[in-house]
Structures are given as C-alpha cells and as structure tokens.
Amino acid sequence: MMKLYRLNLLAVAISTLLLSACGDSETTIVEKDPIQTDPDDGHDHSDGYLIESAGRLAVSVADSNEVAIYDLDNNQLLQNIAVSFEGGALSYSAGFRYATVTHRGQDQVEFIDGGLWREDHGEHLHDYKQAPALSSYKLMGSRPTHLVKHDGKLAVFYDGNSETGEVSSVEVLSDTDIANQTQSLPAFSYSVNMHGVAEPNGEYVFASIRRDDALSTSANKILPDQVGVFHLHDDEYELDHTFVESCPDLHGAAQNEEVQVFGCSDGVLVTQKDGSEFTSAKIANIDSLDGLRVGTIYGHEHLHSFIGVASQHGGGEALLVQINPEENEMDDIDWQPLTDAHPVSYAFSADAEHFLILDNLGYLTILSAEEHDGHKHWAFDRRVDISQQDVADMPDNHSFSMTVAQNGHFVYIADPIARHVLKLDLESDATSEFELNVLPKAITWLGIAEHEDDHADEHDHDH
Amino acid sequence: MKNKFNVSAVLAAIFPFISMANSIDGVVVNQQGKPVAGANIEIEGTSTSIKTDENGEFKLVNLNVGDNKIHVVAKGFAHLHQHVEIPENGLQQYIIKLNRTPIEVIDVQAAPVHLSIMESATPVNVIAGEALRRQQASTLGDSLEKLAGVNTNYHGNVASTPIIRGLSGPRVLIAQNGLDVGDVSRVGPDHSVATEASTAQQIEVLRGPATLFYGSGAIGGVVNVVDSRVPIDKQTRGEWQIETSSVNNKKLGAFNLTSGAGSLAFYVDGYWREADEYKTPLAGEQETIANSAEESNGFTLGSSYLLDNGYFGVSVEQFNREYGIPGHSHSTEESAEAESVFADLEQTRVQLLAELTFDNKWLNKLNVRASASDYQHAEIENHSVGTLFENSTEEVKFELLHNPLEKWNGGLSLHYKNSEISAQGDEAFTPPSQSQTFAVALMEEAHFHDVLLQLGGRVEQVELTANQLLLPTLEVHDHDADSDGAHGHVNEHQSEQNITRVFSVDQSFTPVSLSAGIVWDFLPSYNMGVSISRSQRAPSASELMSFGPHIGTRSYEIGALFTLVEDAHGHEFELSNQTIELETARNIDFTLRKTQGDFGFVLNAFYNQVDNYYYQVATGLYAEFSHDHDHDHGHGEEEGGHDEHASELPVYLFKTDDVVLKGFEAQLAWQVTNAFKTSLFSDYVRATLNSGGDLPRTPPLRVGTQFQYQNAQLSAQLDITRYQKQDKISDFETATDGYTLVDVNVSYDLPLLNLDTSLYLKVSNLTDTEARVHTSFLKDLAPARVGILPQGSVGIFNVFAKYAEKYLKNDEKISRYLSEKLG
C-alpha cells in the first residue's frame, strides 16, 4: 500500500502546501473507441460493450481431478484447474458461464468460472472476459445426478440415498447465484429418495414424484412414476399440482416453451401449464420400439417437437423417435446407423436446424428437419467422418465426446485417440483441429451464447 | 547536585515510595465535598491516566517535575482542565473539585486535539452509554436524529443516513473507529450504512467542516461509530441487551465482551435483529409500509497485545443485512403478489489499531489505524440480482503526536485511502471507479491562560480514475404542451446509429483545508468560541461520472462531467469542457456555553458559504427507463402488466453553484432538583443558492424539550419534539407539514446477578401523529405510503445489562500503595 511513489505524492502534497494554500484540480479525459450499435436492433439495450470471442472449452481429464480450460480464439490452454475429486461429470451452467462438475459419489457439485459472461446493464449489454477460475461456491447434497438447464435456470436433482436415509431434493439456481455465491437457493425436498429429474420453468419446477412403493406403478421402485408442479413462494417451492397421469419408471425429460415431456415405460408423458390450469397427456409407445422405452429426451426451446432415444441400458443399438406433443404422436427417425455404430453423444445444433449423433465409430450423423405435408420430420441428412484413427485404439473407458458452441454453427469433438479437438462448421462441414496436452474424458463449451433474438426472446416471453 | 542525587538513590533503594517522589495523590470531590468515584484523571499530552476508586482517591506516578496539565473527566460533571505544579518530592492529598453539568460531556476519542461539547472550538456531539441504548435504532440516521444539528433522511425504517446541518451524502463521512466505513451509503438514500449502533460504545458527531480530521468526504461533518473491537485494556466487562418492539415486531439481541489474560486482551461482540414491516398511524392501505422489513446480524472478534507503552491489535467484523426497499417494489394493482425488491448487504472489515507512547524528547505517541473492507450489496428483484454494488476500501492513518512544545500539543497525521467502487446491473448509473487519497495534516492546540487556541491544516492529493466513462445516446423528451401531447423525441435527427462514446478519466485534485479556533473562558463557568475554517472537497465519482437511472432517488442522474447542449434539433448531452472545480466551504462558527452549574447551555450559530457546491438540477427532460424483470414468466393474468415497469424518469444534471447554509443549534439544560432535570434543544438551517432558490430536503426548524426524572433506580423521560412545516423548498419538491412527536421512556435499574441491569420501556410517537419526514426521499412517493414515522401505542421494551470489574488498577504498585494507605 505504501509504495515509493506514495512518498512522492507526499512530497508533492507538502510542496503544494508550501507553495500555495489553495486547492487545485486537474482533469484528463481521453476518448476511447466508441461503441457503435446497429440501429436495426431496435433495442436500447444494445449500445453495450460486447466482446467477440469464440468462447472457451472445458476439458475434463480421465483419472485426474483436472479440468483444462482452452481459449477457442487461439486454441491455447488457458489454465488447468483442479477440482476436489476425480471422475466428476462435466457439463455447463444455465448461462454457459460456468462448467459444472458433478461429483455424485461425493455429494457435491463444483463450478468453474469460464471467465466469459454477459450482463444486461439496462442501457446496454456488457460483456466480461476474465481468466478462468474455480469458484469456491459448491452445492452440497446427497447424490446430485441430473442437472437440467432451461431459460437461465439450472435445476439440480439430488437423488438421495436409501442406505443413509437421505431423501431427494431439488435446488434451482442461475449463473448470477453462482457469481454471488447465493447461500440459500430456492429449493424443495421430498420424503423419500429417487432417481428423479426436475425441469425448471420460471417460478415453477416440473419434477418427478415417487409414490409409496405400494402405489407406485414403476417396476423399478427407485424410479418415480408421477410428475408434480412446484411453485416458488418466498424462496421455497411448494407442491402446487400433481398430474393424475402416471409415468411408470420415469426417466429422461425435456421441455420447450410450451410443454414438458417425461420418458415412461408405457410412453411419453406430456405436461403443460395452460393459463392457470395444468394439463397432462400420454403419448403411447409405438410398436417399432419393440419393447424398449424412451429413456432420454432432447428438446430445444425453438422446436415444437422432441427427439427421444430408446436404447438398452448401458448403450448398444439406439432407436430414435420424434415426439410431437401438439399432435400427440410418436414417429420413428431412421438415422441410418452403420453396423455396430453405438451413439456416444447427442445434441441439437445451436440454431436447432440439426440434430447431431456422435457414435463410437467416429462418425457424426447429422439429421435435418424435412417438411412433408405440413409436418416437420427429422431425417438423415449426412454423415461426417470425424476421426482418422483406428477406433480399436480407443483408450479404456473413453469415448469421443462433443459439445455445441452457442454462439455460431460450430460443434467441437474431442478425440481421445488423437488427443485433439476437432472443430466442425455445420454450415460448410469444414473442419480444423487443435492438439490437447491431456487425454480428454469429456468436453463442454463455455462462453456468451448468441441468440439472434436474445432480447426479443425476453420481451416475448415475459408474460 | 551530585550529593543530592546520591542521597535520593540511596533512599530510593531503602524506601520504594521515595522512588515515586514525582507523583501526585489526592481525591476528586464534588462541590459538596463528597468523593467522586470513577473519575478519569489524565495528564494532558501524555498517556498517563488513572481512575479514582470508590473513595474518590487516586495516585499518579512517574510524572515530570514542574508544570503538568491535568484533564479530569467524570460522568455528570464538567470536564476540568487544571495546571498542577508538581514539586520534586511529589504532591500529596491534592483535592480536585468537580462542578456538575446538566449537559453530559464525553470526549471524542483519539483526536489529536481535545474535542468535546463544552471545550473545543468545533461543535461536536457524543452519544454514549444509556443515552445511546435508549436512542439506538436499526439505522444510523435514526439513532442520531435527536442530537441538535443532526437529522435523519428516514428511509422507511430500513436505511437512513444522518444529515448534519442540512448536508448529507458525499459531504458527511461515516467512520467506524475513525476509519471510513467503506459502504455505498453515500451514493443512494436506500443504501443502508454498514455500521451497527447496538454494539457501539459511543457515536461521535462533528458538526460542520471536519475535513481536517477526515479529509474530503467530511466537508459537512463526520459521524464516527466507536467501539472497543481492538481492546486497549483487559478489564473484563461486557454488556448484553434484548429488545422487542410492537410497531414492527422487532427483536434484537446484542452483546459485547472484553477480557484478557497476560498481555493479551480479547473482544467479541455480536448482534441479531429482525423486524417486520412497520405500522403507521394511518388507516387503510397505508396502515403498514410495504417492503419495510429488515433482518441483520453481525459479529466482531478482536484481540490486542498490551505493551507497557501501548497496544496493538486487530479485529475482524462480518456484517450482514437484508432489507426491503420501500418505494422500490413493483406491485401492481391487479397482482396481489408484489414483486419485492430487497437489498442483501454483506461486509467484511478488518481493522488494525495500535498506539505506542515513546520516552523521547520530541515524540510522545504514535497512533496507527488501518482497515481493509470488502463490501457487497445486491439489490434483488424477483429472486434475481438487479444491481450489484461493490466497494473495496483500504485505509491507513498514522498520527504522530509530539511532547508539549512550549504550550502546544498536537501532531502530524498521514492518511492514505484507496477505494474501488463498482456497480453492475439495472442501476449501475456510475462507471467503476477508483479513488486514491493521500493526505498530510497538522493539528495543534495550546492554552494561554483562559484561552484555548486550536489550529489545523491539511492538504490532500485525490486521484479519481475511471476507465469506462460512458456517454450513451440518450433519448430524452420534454413534456411541452405544444408537442401534441406526444413525446417529442428530440434527438431523432442523429439516430443513424446508436453510439456510446467511451472515455477514460483521470482526475487529480489537491484540496487544502485550514482551520483556526479559539475558546475563551471569559467568565468562570462560561466560555465562548469562534472557529473559522476553509475546507475543500473533491467531488465524488457519482457526482462527476453518473449517467443512468437511479431508482433510489427516482431520477436519471447525469454527472458534472457532462453538459446539456440545446440546438435546433433538440437536446443532447455532451462532454463538458468546464473545469472541474473543488467544492470550497468557508465556515464560521460561534459558540457560547455555560459549562457548569445547575444550569448549562451550548449555543451555536454558523454561517457556511460553499462555493462550487455540487448539486442536481432538474433539466425538465425525461428519459424512458424500462425496469425489466427477466424472470417474470408464468403470470398469465398479468398480461400487459409490464407497462407498469416501463416508466420515465426526470433527468437531473449535476451542476455547481454557490450556496450559503446558515443556522443555529441550541441546547439548554437545567438540573432543577437532584432528581429532576429539564432540557431544551432547537436547531435550524437555511440553505439557499446564490442564484436564488433553496436546496432540497433541508430539515425544518425543530424545537424539543425533555423532562427527566431520575432517582436511584428509576429514570423517566418525556420528550416532546416539534418539527415545523418546511416550505423553503426547491423547485421540484413540495412543502411538508409540521408535526409534534411525543416519546416516553421509562427505565428501571435492578441489580441482577451483580450486573447493572436496566429495564426500558419506550413509547415513540405517543399521539399517533402522521409524521412525514421532509428530508426523506420517500416522502413524495405516490401514494404517499412511506416516509411516515412508525406509530406509537406500545413501543420498545429493552433489557440492558452492563458488567465491569470495578475500579481496576492499572498498576500493581498503586494498588499496594492504596491498600496500605487505606489500611
């Protein structure tokens, strides 16, 4: 605090006192580059301070507690960050600012600040760029498992633990909560444990409910069989409504702007808040599932339909179906898999134009929506070979992994055999690669998501 | 000489008492000759002091032979300054006679010159002990508002800042143990001050310019909250209190404890308070003030190492407060569920305090005060953070006091402060800024017979930097009748593109303050004082660089670095090319006091001319402000309700003008009988612009009386305070009716477990008066539902207990001496 130049200040101060007994002031103002904004935007928010950046990539490392953060502008390693435990599941926060690392076995979730985020300052949007860092903020709870993001909110479902008598619970948080280290998050808990899921939706949470085993229609009683709506009152959620329609062996869920869908052994449960009413419906399984059930569902806020995945537990052949709640229909999607191709990762592209299926053979299958008779249907578009390696060389317990950039049409694929990351442009199929210093286990994109209608979105859906 | 030395050395070896030859012992008595216990006797200009025992007796050792000046302080008595000639063989059975005063005199702590209500040239108030416990409120301004010359800007029970002689905000510095409190309460009236009265030991108020002691931010005065978080002794003592009040269902628990062992002393305090929304005397919708609930807690730990010649210690405080912001809620008529806006405030403060005395020809004492604080305050709207304010402040003060030089006491002060303040979000109306201050000050005082002279000078170097000063294109409109009722968007001509100009700003100021004061004891028991000062203040970041909506003041604020340009196309804000001037106050204070006897008074009159006074001028323009709440999904029935949020704010521009503030404070007290005392106070300030007009939110004339009855166990006060109508108003405010508040306090002392325990019952606003506070920003809100003082009926119930090891000796030898002497 007391550096040498302070002493100079002292000298200045004393000599000023001696020389003149009156105060003095001096102002230096230097103009910097102005911020120009497109008037077409039509929003007063946009005269802000924006940062152009491809984003950052978090790479978790197998058999290590390290997460490497790469700068996607120059593909350089920014920082290796050590989280508390090995083997955590890597994902992203609701605003893509933080990487989430879920240590299910250790009952906690950690956050790594990717260092890129945007704030709405009312007058303008303000972007920030900082070095990545491990946040000291942690979520603690019994067996955190499914982390679901929707519209700026992240719902963490804690499965609980029957052995220790810990019950399930749900906490809901935003990136701001992580930044502010909010100590008491809006939450609710159950009286039992379950392998459940929660979909955050404004001040509501649509979440699974496990009934008494005697009443439950689930074959595996740890899986819930009902869905309820929890409403936020004074920092706590209260159960507002329980849907009558049951959902045996509930697993997998997704939502768009209108509805929530849940995978059940007998079909897909669709729930909806319609004005002040809550309604539900069941879309029955189709014959082609041949005894399988939808256990994972993908949705996008801009799409009316969902894509469900039915597969044997533990991987293997996967059947994809299109779920259309508006017409209460389920249809096959023929993604034309190669022989022995087992998907390892699925994702929608950022603009929801494509659905991506990454498989164990090193191919990325790209589906596009085709329109037939006024119906949109997902169909095979093309297949990109993303690895020149012999997939037999895949290190044990590793697989290809992918993540979708939210600020463009790029998808990043980590290749543990080549130890590199491949960047694929979904518009041109052009690829580029950069080397990793580590063996990648999983990757996730972090940065400032660009929605074309970033602001329009908020305005449109405020009510 | 040589022989004499030898003899005394031999005698000293044989008789230990003779080695204390240059000592003084005696007794402190009142006018009736009865001993005064617990009186503190200090040798001025040194750190030698002692308290009298239960027989009023004392002994001080190791004194300089010759002239010594003693300063005697005892509760209920006038302070006594007296010269004592100590002969070489010491002085025995010296009698000090104290005179009663009906006005309590408590010294300001740790000032290089003497400051108290009766003795200094500068006007001060100090509130401590039971009076503090009686008046303490949840917020600082409300705790101090019964002091003459101090008003509150009452912000609906959840935030308030003291107004000193009509000045507040960046002109009144709030300090904790002499160090800047480091919050953002100077920026907005809805920002709570990060200090707590319930754990404080005393609160000191310096009225009028105090830049000399505290720097630029103190041009209007200082409020210093003092506690003993860094203990200066290890005497075991403590205090606890519990309190509840009916008007807002407030519950308070607080304690503090000091103790020690060996050379270490420890301190701990803590408090917890919760209050609901408060009730007003009005009926209907305004019966309770929405969003005025509050919850606070905090604790402080401190420890110090006690040396023979001083101490040094550190303390850590954690301060948490969560409060609703009344008038900042976005409830709509249709929606029962109001969106509450509340603030969540958090501060961690580390203080390091040290004092060392020297056995040196020149230097007498070094005082070191340093702090580092980290403050954060989030305004939370509908469960998400709307605005986040942060302040990180580091400060260090060195005070070097010299031994009496001729007749002069005093010293040099070096002061460094660095504050980084930022705001992010909806109300980030000021860009992030850093302010660095370096100052050097000299303060001296001397007694010449019955005249006290106090002089001081200070020069500061203030560096204010901001790297992102933004000048956005602001669409403003006026409300002219001839624009067809439509909003004329006056700058449409240039809107090909929205351009935000960006600047980096580096301001450097050198404020200089000078002050001279004289106090003349022109008659026994009377003195008069004159203090003149010239003080300068560097304008604050928000006064210079603001450009944005400020909901706390319901205005769109634009700093003095900008100017409004009007041309054929309309209005536009540009960078100003005016020089940024220092605010300069020339103040003169007159004081007349009767310091002792059964009747006492303190009368102050002041005239303060402030040049380049920074204040906000209404431009007559309005800016659209859409106060959006992102996470407002799912309220189907609130269709269209968002128009409620989109509002326009009047645009205020900071300008400078010359201002004159003049006024008076009067405090009179009469001890009618031993049990009955009556006192009267009044204060008034008139604040006018030289260009014509009045400053806004100036407190009205006040007159208050207190009748007090006190016997051994029971004490009761009846307070009647009249606030006159305020119609000396600025263009954009309305007059406020006067009102009379009647408060009653009763307290009963009961010895409980060897503690001095008191039970208090306090009833505020006994007559259920509708009191609207003119100085409050909330007074004018439509509907006027806030800014009304709480109703009375049943008030505050407080249990308060104190414990102290009595008459602890600071020296083993003295205790032995006393036990022998007393047999």
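Guide: Gladly! Strand β18 (residues 236-242) of chain A gives the most to a negative surface patch, with three residues; strands are DSSP runs of E with at least two residues, helices are runs of H or I with at least four, and both are numbered from the N terminus. Please keep in mind that this is a predicted model, where local features need pLDDT of at least 70, side-chain atom pairs count only at pLDDT 80 or more, and totals for chains, interfaces and linings use all residues. Residues are numbered from 1 along each chain as its sequence is written, chains are lettered from A and ligands numbered from 1 in the order in which they are written, and side-chain values use heavy atoms, with hydrogens and water left out.

Visitor: Which residues form the negative surface patch?

Guide: They are Asp234(A), Asp235(A), Glu236(A), Glu238(A), Asp240(A), Glu295(B) and Glu322(B). Patch residues have over 30% relative accessible area and no salt bridge, with like charges joined within 9 Å and nonpolar side chains (Val, Leu, Ile, Met, Phe, Trp, Tyr) within 5 Å. Asp and Glu count as negative, Lys and Arg as positive, while His and the chain ends are not counted. The place of a charge is NZ of Lys, CZ of Arg, CG of Asp or CD of Glu.

Visitor: Why is Glu322(B) called partly exposed?

Guide: Glu322(B), in strand β19 (residues 310-324) of chain B, has a relative accessible area of 36%. Buried means under 20%, exposed over 50% and partly exposed in between (1.4 Å probe, protein chains only), so 36% makes Glu322(B) partly exposed.

Visitor: What makes Cys247(A) and Cys264(A) a disulfide?

Guide: Their sulfur atoms are 2.0 Å apart, and a disulfide is a pair of cysteine sulfur atoms within 2.5 Å. By this rule the count is one disulfide over all chains. Cys247(A) lies in the loop between β18 and β19 (253-255) of chain A and Cys264(A) in strand β20 (residues 259-264) of chain A, so the pair ties together parts that are 17 residues apart in sequence.

Visitor: Why is this disulfide called left-handed?

Guide: The torsion about the S-S bond is about -105°, so the disulfide is left-handed. Cys247(A) is buried at 0% relative accessible area, and Cys264(A) is buried at 0% too.

Visitor: What makes Arg229(B) and Glu317(B) a salt bridge?

Guide: Their closest N and O atoms are 2.9 Å apart, and a salt bridge is a side-chain nitrogen of Lys or Arg within 4 Å of a carboxyl oxygen of Asp or Glu. Both Arg229(B) and Glu317(B) are buried. Over all chains there are 43 salt bridges; among them is the pair Arg686(B) and Asp694(B), at 2.7 Å. Arg686(B) is partly exposed at 22%, while Asp694(B) is buried at 13%.

Visitor: How do you know that Asn674(B) is exposed?

Guide: Asn674(B) has a relative accessible area of 65%, so this residue counts as exposed. Asn674(B) sits in the loop between β36 (646-671) and β37 (676-689) of chain B.

Visitor: Which residues form the nonpolar patch on the surface?

Guide: Phe599(B), Trp670(B), Val672(B), Phe676(B), Phe707(B), Tyr709(B), Leu718(B) and Ile720(B) do, with about 630 Å² of accessible area together; such areas come from the Shrake-Rupley method with a 1.4 Å probe, and for residues only the protein chains shown count as cover. Trp670(B), in strand β36 of chain B, is partly exposed at 44%.
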